[in-house]
Amino acid sequence: MSTRSGIGYDSHRLVEGRRLVLGGVEFDAERGLEGHSDADVLSHAITDALLGAAGLGDIGQHFPDSDERYRDADSLVLLSDALASVRAAGFELVHVDATVVMEAPKLADAREAIRDRLAEVLGVPAANVNIKATTGEGIGFVGRGEGIAALAVATLAQRANG
Ligand code: MG
C-alpha cells in the first residue's frame, strides 16, 4: 500500500464579537477568531493537510475567501468537501495528527469532543485522529494572545485501483 503525507498550517486573529470554534466545537470564550468563514483554524489546517497529501493544492484554491458562499461558512463542511475531493482522487484517509497553539482557553476539556467530531466528519475511527495543544509560552502573536495557530499532518493511502 502506498501512503502519502501532507502538512497544514493556519492562524487567525482573536477579536471581540466573534465565536471561537475549533474542530467544529464552540468554546465559551470572550473572544473568537476573525475570518471570512467561521475561522476554525484547526479545521483549516487539517483541510490543507488533506489537500496537500493528495496533491490537490490548498484551501484557498478550493474555497476562496473572495467567494460569498463561504462567508461565515461551517469549516467542517469545507473539510468534508475537501475529503470528497481527496477520495475522488483515489485516496483514503488513514490518520490525522494536529496541534493547536493558543494561550487561552485551555483545550483539555474539549479535546475529546473535538477529536470525536473531527473523526465523524473524516469518516475514520476516533483512534485515528489525535489532537494536541500547546501554548506560545508568552512569545510571539500566540503568546501575546493575539491569535491562535494550528498545524496538522494527514496520512493518506492510495487505493490499489485508484
Ligand atoms: Mg484559515
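Visitor: What spacing do the donors of the magnesium ion follow along the chain?
Guide: The spacing is D-x1-H-x31-H. Donors here are N, O and S atoms within 2.8 Å of the metal (3.2 Å for Na, K and Ca), and sites may look incomplete since water is not among the atoms.

Visitor: What sort of model is this, and how are residues numbered?
Guide: This is a predicted model, in which local features need pLDDT of at least 70, side-chain atom pairs count only at pLDDT 80 or more, and totals for chains, interfaces and linings use all residues. Residues are numbered from 1 along each chain as its sequence is written, and side-chain values use heavy atoms, with hydrogens and water left out.

Visitor: Back to the metal. Which are the protein donors of the magnesium ion?
Guide: They are Asp10 through OD, His12 through NE2 and His44 through ND1, lying 2.1 to 2.2 Å from the ion. His12 is in strand 1 (residues 2–16) and His44 in helix 1, so this pair ties together parts that are 32 residues apart in sequence. Helices (H or I, at least four residues) and strands (E, at least two) are DSSP runs, numbered from the N terminus.

Visitor: Is His12 buried or exposed?
Guide: Buried, because its relative accessibility is 16%. Buried means under 20% relative accessible area, exposed over 50% and partly exposed in between, with a 1.4 Å probe and protein chains only.

Visitor: And His44, buried or exposed?
Guide: His44 counts as buried too, at 8% relative accessibility.

Visitor: What volume does the largest pocket have?
Guide: About 220 Å³. A pocket, on a 1 Å grid over the protein atoms alone, is an open set of points where a 1.4 Å probe fits, with protein on both sides within 12 Å along at least five of seven lines; lining residues have an atom within 4 Å of a point. Grid points are joined across faces, edges and corners, and the volume is the space filled by probe spheres set on them.

Visitor: Which lining residues are closest to its centre?
Guide: Of the 13 lining residues, those are His12, Ser37, His44, Phe63 and Asp65. Strand 1 and helix 2 each supply at least two residues of the lining.

Visitor: New topic. How many residues are in the largest nonpolar core?
Guide: There are 40, and those with the most contacts inside the core include Leu22, Leu42, Leu50 and Ile114. Helix 1 gives the largest share, seven residues. A nonpolar core is a set of buried Ala, Val, Leu, Ile, Met, Phe, Trp, Tyr and Cys residues joined through side-chain atoms within 4.5 Å.

Visitor: What is Leu42 in contact with?
Guide: Setting aside neighbours within four places in sequence, the partners of Leu42 include Leu22, Ala98, Val100, Ile114 and Ile131. Contact means heavy atoms within 4.5 Å. There is also a second, separate core of seven residues, with Ile59, Phe63, Leu78 and Ala82 among them.

Visitor: Strands now. How do strand 1 and strand 7 pair?
Guide: They pair in the antiparallel sense over twelve bridges, and Tyr9 stands opposite Leu151 in strand 7. Two strands count as paired if DSSP finds at least two bridges between them. Strand 1 is also joined to strand 4 (residues 31–33), antiparallel, by three bridges, with Leu14 opposite Leu33.

Visitor: Do strand 5 and strand 6 run parallel or antiparallel?
Guide: Parallel, over six bridges; Thr99 stands opposite Lys132 in strand 6. Strand 5 and strand 7, by contrast, run antiparallel and are joined by ten bridges. There, Asp97 stands opposite Val153.

Visitor: Which peptide bond is cis?
Guide: The one from Ala104 to Pro105, with omega near -5 degrees. Pro105 is in the loop between strand 5 and helix 4. Most residues other than glycine have a negative phi, and most peptide bonds are trans.

Visitor: What is phi of Ala39?
Guide: Near 65 degrees, a positive value in a residue other than glycine. Ala39 is in the loop between strand 4 and helix 1, and it counts as buried because its relative accessibility is 0%. Asp72 has a positive phi as well, about 55 degrees, and sits in the loop between helix 2 and helix 3.

Visitor: Last one. Where is Pro64?
Guide: In the loop between helix 2 (59–62) and helix 3 (75–88). Pro64 is partly exposed, with a relative accessible area of 27%.
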